[in-house]
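Take a walk through this model, one local feature at a time. Start in a loop, then move to rings, charges and a pocket.

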Amino acid sequence: MSNWLLIICCGLITFLTRFSMIALLKREMFNDRIREILSFVPSAIFPAIIFPAIFLDNSGDFQLENNPKIMASIIAMLIGIVSKNIIATIISGLASYWFLIFVV
């Protein structure tokens with residue numbers, strides 16, 4: 001089996017397993033309390049995804065000093081709070097990170 005066929009098969013299996021849960025569950029199955037609890041899931045998972053990318057170096061050690069990712073993430077967070085626009089947040093985070101590593 002070629003690598004591309006393997007990648008495509010893995011992608012299809014992943015998509016179908018995730019899509020089946022979305023397609024099978026109906027909105028009427030959840031009451032308002034469950035919907036409210038589920039609305040907090042993305043905001044609870046996102047920091048767990050972002051934290052290692054910002055605070056850990058390549059060896060997995062905690063890095064606070066001379067870490068431009070922390071300053072870029074703070075700038076992106078402030079832009080996101082003010083603008084409430086995800087594209088502006090992403091662009092400001094990338095631009096500030098690149099400015100900090102290439103210019104400063």
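**Loops, rings, charges and a pocket**

Asn66 sits in the loop between α3 and α4. Helices here are DSSP runs (H or I, at least four residues; strands are E, at least two), numbered from the N terminus. The model is predicted: local features need pLDDT of at least 70, side-chain atom pairs count only at pLDDT 80 or more, and totals for chains, interfaces and linings use all residues. Residues are numbered from 1 along each chain as its sequence is written, and side-chain values use heavy atoms, with hydrogens and water left out.

Asn66 is not a glycine, yet has a positive phi of about 55°. Its relative accessibility is 75%, so Asn66 counts as exposed (over 50% is exposed, under 20% buried, in between partly exposed; 1.4 Å probe, protein chains only). Lys84 also has a positive phi, about 55°, and is not a glycine. Lys84 belongs to the loop between α4 and α5. With 70% relative accessibility, Lys84 is exposed.

Now the rings. How many aromatic pairs does a search of the whole structure find? The search finds four. Rings of Phe, Tyr and Trp (its six-membered ring) pair if their centres lie within 6.5 Å; planes under 30 degrees apart count as stacked, over 60 as edge-to-face and the rest as tilted. Phe15 and Phe19 have ring centres 5.4 Å apart and planes at 10°, so this pair is stacked. Both belong to helix α1 (residues 3-24); they are four residues apart, so about one helical turn separates them. Phe15 is partly exposed at 49% relative accessible area. Phe19 is partly exposed too, at 43%.

Phe51 and Phe55 make a tilted pair, with 4.8 Å from centre to centre and 35° between the planes. They lie four residues apart in helix α3 (residues 41-55), so the separation is about one helical turn. Phe51 has a relative accessible area of 38% and is partly exposed. Phe55, at 21%, is partly exposed. Together with Phe62, Phe51 and Phe55 form one aromatic cluster.

Next, the charges. Side chains of opposite charge can pair when their charged atoms come close. The structure has two salt bridges (a side-chain nitrogen of Lys or Arg within 4 Å of a carboxyl oxygen of Asp or Glu). One joins Arg35 to Asp32, at 3.9 Å from N to O. These two residues are three apart in helix α2 (residues 32-38), about one turn of the helix. Arg35 is partly exposed at 36%, while Asp32 is exposed at 60%. Arg33 bridges to Glu36, with the closest N and O atoms 3.7 Å apart. Arg33 and Glu36 are also three residues apart in helix α2, about one turn of the helix. Arg33 is exposed at 53%; Glu36 is partly exposed at 41%.

Last, the pocket. On a 1 Å grid over the protein atoms alone, a pocket is an open set of points where a 1.4 Å probe fits, with protein on both sides within 12 Å along at least five of seven lines; lining residues have an atom within 4 Å of a point. The largest pocket has a volume of about 630 Å³, the space filled by probe spheres set on the points, which are joined across faces, edges and corners. Its lining has 20 residues, and Phe46, Ile50, Ile54, Ser73 and Ala76 lie nearest the centre. Helices α3, α4 (68-83) and α5 (86-102) each supply at least two lining residues. By class, the lining has 15 nonpolar, four polar and one charged residues (Ala, Val, Leu, Ile, Met, Phe, Trp, Tyr, Cys and Pro count as nonpolar, Asp, Glu, Lys and Arg as charged, and the others, Gly among them, as polar).
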